[in-house]
Amino acid sequence: MAQAFFNTEKKKFPEVNENYEAMSAGTRPGIEINPTVMEAMNEIGINMHDTSIFFPKPLSSDFVVTRGKTLKRAIIACDDSCVLPTGLPHIPLEKWNIPDPHHQPIEKV
């Protein structure tokens with residue numbers, strides 16, 4: 001969700017360099033994208049049906065670790081039950097307290 005928001009909306013902000021890209025991964029990823037999240041994103045014009053781009057992945061996956069070597073900043077968006085992962089590159093890290101959309105109605109998502 002965060003990945004889709006950032007990568008879609010960044011073109012509206014000229015101060016954001018086109019080389020900036022968001023990549024999402026989870027500490028406890030599901031096996032598929034939450035259908036309610038996909039529906040909520042579709043309602044605002046963001047299509048998340050491309051499974052080559054949008055798919056649940058753990059922070060420890062080869063995909064994330066390989067691409068993470070070029071990270072300049074990491075933002076962990078999760079609620080207070082989230083434990084920050086270890087082994088991330090030494091980069092600025094922020095934690096945003098955002099509730100998990102899992103089991104939430106579309107109005108909350």
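This is a working chat about a predicted model of one protein chain.

Colleague: What does the secondary structure of the protein chain come to?

Modeller: There are 3 helices and 2 strands. The pattern along the sequence reads α-α-α-β-β. The radius of gyration is 14 Å against 13 Å from the globule rule for 109 residues, so the chain is as compact as a globular protein of that length.

Colleague: And what does the C-alpha trace span along its principal axes?

Modeller: About 35 × 35 × 25 Å.

Colleague: What share of the residues is buried?

Modeller: Buried residues are 21% of the 109 in the protein chain.

Colleague: Switching to charges. How many salt bridges does the structure hold?

Modeller: The count is 1 salt bridge. Its partners are E9 and K12, whose side chains meet at 2.9 Å, N to O.

Colleague: Why would two such side chains pair at all?

Modeller: Opposite charges on side chains can pair when the charged atoms come close.

Colleague: Is K12 buried or exposed?

Modeller: K12 counts as exposed because its relative accessibility is 57%, and exposed means over 50%.

Colleague: Now aromatics. How many aromatic pairs are there?

Modeller: The count is 0 aromatic pairs.

Colleague: Which residue lies over the face of F55, then?

Modeller: K57 does, at 4.3 Å from the ring centre of F55.

Colleague: Which residues form the nonpolar patch on the surface?

Modeller: I75, W96 and I98. Together these three have about 270 Å² of accessible area.

Colleague: Where is W96 found?

Modeller: W96 is in strand β2, which covers residues 93-97.

Colleague: Last one, T51. Where does T51 lie?

Modeller: T51 is in the loop between α2 (35-43) and α3 (62-68). With 61% relative accessibility, T51 counts as exposed.

Colleague: How far apart are T51 and S24 in space?

Modeller: They are 13 Å apart, C-alpha to C-alpha. In sequence, T51 and S24 are 27 residues apart.

Methods. Residues are numbered from 1 along each chain as its sequence is written. This is a predicted model: local features need pLDDT of at least 70, side-chain atom pairs count only at pLDDT 80 or more; totals for chains, interfaces and linings use all residues. Side-chain values use heavy atoms; hydrogens and water are left out. Patches are made of residues with over 30% relative accessible area and no salt bridge: like charges are joined within 9 Å, nonpolar side chains (Val, Leu, Ile, Met, Phe, Trp, Tyr) within 5 Å. Accessible areas come from the Shrake-Rupley method with a 1.4 Å probe; for residues, only the protein chains shown count as cover. A salt bridge is a side-chain nitrogen of Lys or Arg within 4 Å of a carboxyl oxygen of Asp or Glu. Helices (H or I, at least four residues) and strands (E, at least two) are DSSP runs, numbered from the N terminus. Rings of Phe, Tyr and Trp (its six-membered ring) pair if their centres lie within 6.5 Å; planes under 30 degrees apart count as stacked, over 60 as edge-to-face and the rest as tilted. A charge sits over a ring if NZ of Lys or CZ of Arg is within 6 Å of the ring centre and within 35 degrees of the ring normal. The radius of gyration is taken over C-alpha atoms; the globule rule is 2.2 Å times the number of residues to the power 0.38. Buried means under 20% relative accessible area, exposed over 50%, partly exposed in between (1.4 Å probe, protein chains only).
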